Amino acid sequence: MAGERVLRIIDYRVGASRRPSWLGATPLFELELELGGRIFIRPSGTEPKLKLYGHVRHDVTRRSYFARD
């Protein structure tokens, strides 16, 4: 994903008994990336499409924030 290796894929449809009760079995996949980011993938509840949510980590400095390519 964007040049990062996927280290692990978690399938939240299985293993609900080993997670907190508020996170039961659900159609959700989590991709853990090598630099600490995560991508969550789930189906839409109302439309025939997938939804992706990204959690990334990156140090932002004033210089990198205002840099333009």
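A salt bridge is a side-chain nitrogen of Lys or Arg within 4 Å of a carboxyl oxygen of Asp or Glu. The structure holds four of them. This is a predicted model. The tour visits some of these bridges, after a look at the whole chain.

**Stop 1: the whole chain.** Show the protein as a cartoon. Look for four strands and one helix. Starting at the N terminus, the order is β-β-β-β-α. Now show the surface. The chain has 69 residues, and 17% of them count as buried. Contacts can also be sorted by distance in sequence. Of those between residues at least 6 apart, 20% join residues at least 24 apart.

**Stop 2: Phe-40.** Select residues 38-43. This is strand β3, and Phe-40 is part of it. Is Phe-40 buried or exposed? Its relative accessibility is 13%, so Phe-40 counts as buried. Next, select what Phe-40 touches beyond four places in sequence. The set is Leu-28, Phe-29, Glu-30, Lys-51, Leu-52, Tyr-53 and His-55. Then pick the C-alpha atoms of Phe-40 and Gly-54. They are 6.4 Å apart, though 14 residues separate the two along the chain.

**Stop 3: Glu-30.** Go from Phe-40 to one of its contacts, Glu-30. Glu-30 sits in strand β2, residues 29-33. With a relative accessible area of 3%, Glu-30 is buried, because buried means under 20%. Which side chain makes a polar contact with that of Glu-30? Select Tyr-12: the contact is 2.5 Å. Other residues in contact with Glu-30 include Arg-8, Ile-9, Ile-10, Arg-38 and Ile-39.

**Stop 4: Arg-8 and Glu-32.** Stay with Arg-8, one of the contacts of Glu-30. The side chain of Arg-8 also meets that of Glu-32 in a salt bridge, 2.7 Å from N to O. This pair links distant parts of the chain. Arg-8 belongs to strand β1 (residues 6-11), Glu-32 to strand β2, and they are 24 residues apart. Arg-8 itself is partly exposed, at 45% relative accessible area.

**Stop 5: two further bridges.** Select Asp-11 and Arg-13. They form a salt bridge, and their closest N and O atoms are 2.7 Å apart. Then move to Glu-47 and Lys-49. Their side chains meet in a salt bridge of 3.1 Å, N to O. Lys-49 is partly exposed at 43% relative accessibility. Glu-47 is partly exposed too, at 40%. Why can such pairs form? Side chains of opposite charge can pair when their charged atoms come close.

How values were computed:
Residues are numbered from 1 along each chain as its sequence is written. This is a predicted model: local features need pLDDT of at least 70, side-chain atom pairs count only at pLDDT 80 or more; totals for chains, interfaces and linings use all residues. Side-chain values use heavy atoms; hydrogens and water are left out. Helices (H or I, at least four residues) and strands (E, at least two) are DSSP runs, numbered from the N terminus. Buried means under 20% relative accessible area, exposed over 50%, partly exposed in between (1.4 Å probe, protein chains only). Contact means heavy atoms within 4.5 Å. A polar contact is a pair of N or O atoms within 3.5 Å; within protein, one must be able to donate a hydrogen and the other to accept it, and residues adjacent in sequence count only if both atoms are side-chain atoms.
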